[in-house]
Amino acid sequence: MTEAELRELQAVERVAQVREAILRELRKVIVGQTKVIEQLLIALLSRGHCLLIGVPGLAKTLLVSTLARVLDLSFKRIQFTPDLMPSDILGTDVLQEDPETGKRRFEFMPGPIFANIVLADEINRAPPKTQSALLEAMQERRVTVGGRTYELPQPFFVLATQNPIEMEGTYPLPEAQLDRFLFSVVLDYPSASEEETIVQLTTSAYEPDLKVVMGRDELLEVQNLVRLVPVPERVSKYAVQLVRATRPKESNAPEFIRQWVQWGAGPRASQGLILGAKARALLYGRTAATCEDVRAVAFPVLRHRLVLNFAAEADGVSPEQIISQLLQTVPEP
């Protein structure tokens with residue numbers, strides 16, 4: 001084994017240790033939601049963004065802010081409302097007077113998008129013009145204001161929340177913007193025992209002592225390491241076959257896809273399955289991605305990329321049911 005390979009192996013072992021440390025710290029504040037936390041970590045290591053769907057009161061904001069503290073990253077929260085403007089997110093040029101010369105000049109005042117972790121709370125409450133302000137930031141990791149381009153701090157992670165109950169007065173995200181979210185993560189209600197623990201913790205004088213387990217520079221190194229994780233050809237083929245099977249016009253698409261799906265997932269889904277599989281393998285201390293890793297990230301990668309037709313709505317079929325059936329239908333190469 002060469003010295004470079006030994007260093008990489010040690011880095012992989014370190015990531016697995018950090019995963020346990022992050023979970024340990026988050027459990028001081030967050031009760032349960034282990035799968036959700038794992039999916040957030042996978043998206044973060046993959047340099048992806050997350051759409052978090054859950055009813056109010058499931059500690060979405062607390063989870064994200066606590067994760068930022070544990071990773072020693074800057075955190076900003078933006079509450080999306082119908083009157084929110086793009087400049088409220090990106091920042092704006094402000095006319096300032098130089099006290100020495102007395103001359104006036106425009107100076108850029110950065111908005112809340114300039115943070116490592118940005119929580120876009122109830123993103124579908126703002127109109128499309130404001131939602132689109134996030135597009136360049138999410139894709140290019142930079143923003144353009146007044147003809148000038150400003151680089152965003154790295155790492156950069158957008159986590160947007162949506163309330164699945166109240167849809168009155170909301171602006172559904174366009175498919176192009178939905179596709180830019182690597183994962184769509186669903187939070188469910190806690191179990192009875194978990195809810196009892198939540199009530200006991202949050203109604204007492206308990207103050208968690210959180211420790212930083214990974215800094216910004218180390219996180220950037222791990223994000224680079226994810227790209228180096230090898231993917232066997234059969235795993236890559238499996239991911240592509242899964243995604244192509246969601247397209248009703250494909251010759252080998254299953255019958256239930258033709259029956260219920262109007263539009264299948266695009267190439268970003270294939271990329272998301274492989275990146276997610278690489279990051280998951282790394283989190284578990286493994287040096288290569290497997291088909292099991294692909295299956296583990298299939299739900300968050302695909303659920304927001306399937307456009308169902310009227311027949312699916314009439315039959316009460318959800319994207320999760322279709323993905324579950326797909327995983328049982330498409331064989332490993």
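This is a predicted model: local features need pLDDT of at least 70, side-chain atom pairs count only at pLDDT 80 or more; totals for chains, interfaces and linings use all residues.
Trainee: Two strands pair if DSSP finds at least two bridges between them. So which residue in β5 is the bridge partner of Gln79?

Mentor: Asp121 is the partner of Gln79 in β5. Numbering starts from 1 along each chain as its sequence is written, and side-chain values use heavy atoms, without hydrogens or water.

Trainee: How many bridges join β2 and β5, and in which sense do they pair?

Mentor: Five, in the parallel sense, with β5 covering residues 117–121. Strands are DSSP runs (E, at least two residues), as are helices (H or I, at least four), numbered from the N terminus.

Trainee: What's the strand order in that sheet?

Mentor: The sheet is open and has five strands, ordered β2-β5-β8-β1-β9, with parallel pairing. The edges are β2 (75–79) and β9 (183–186); each has a single partner strand, so one side of each lacks a neighbour in the sheet.

Trainee: And which strands does α3 touch?

Mentor: Helix α3, residues 60–70, packs on the sheet and touches β1 (50–53), β2, β5 and β8 (157–162). Contact here is heavy atoms within 4.5 Å.

Trainee: Switching topic: do β6 and β7 run parallel or antiparallel?

Mentor: Antiparallel, with four bridges joining β6 (residues 142–145) to β7 (residues 148–151). Glu151 in β7 lies opposite Arg142.

Trainee: What about the turn: how many residues are between the strands?

Mentor: Two residues separate the strands of that hairpin, and Gly146 adopts a positive phi near 60° there.

Terms used. Axes are lines fitted to C-alpha atoms, for helices over the stretch in contact, and angles run from 0 to 180 degrees between N-to-C directions.
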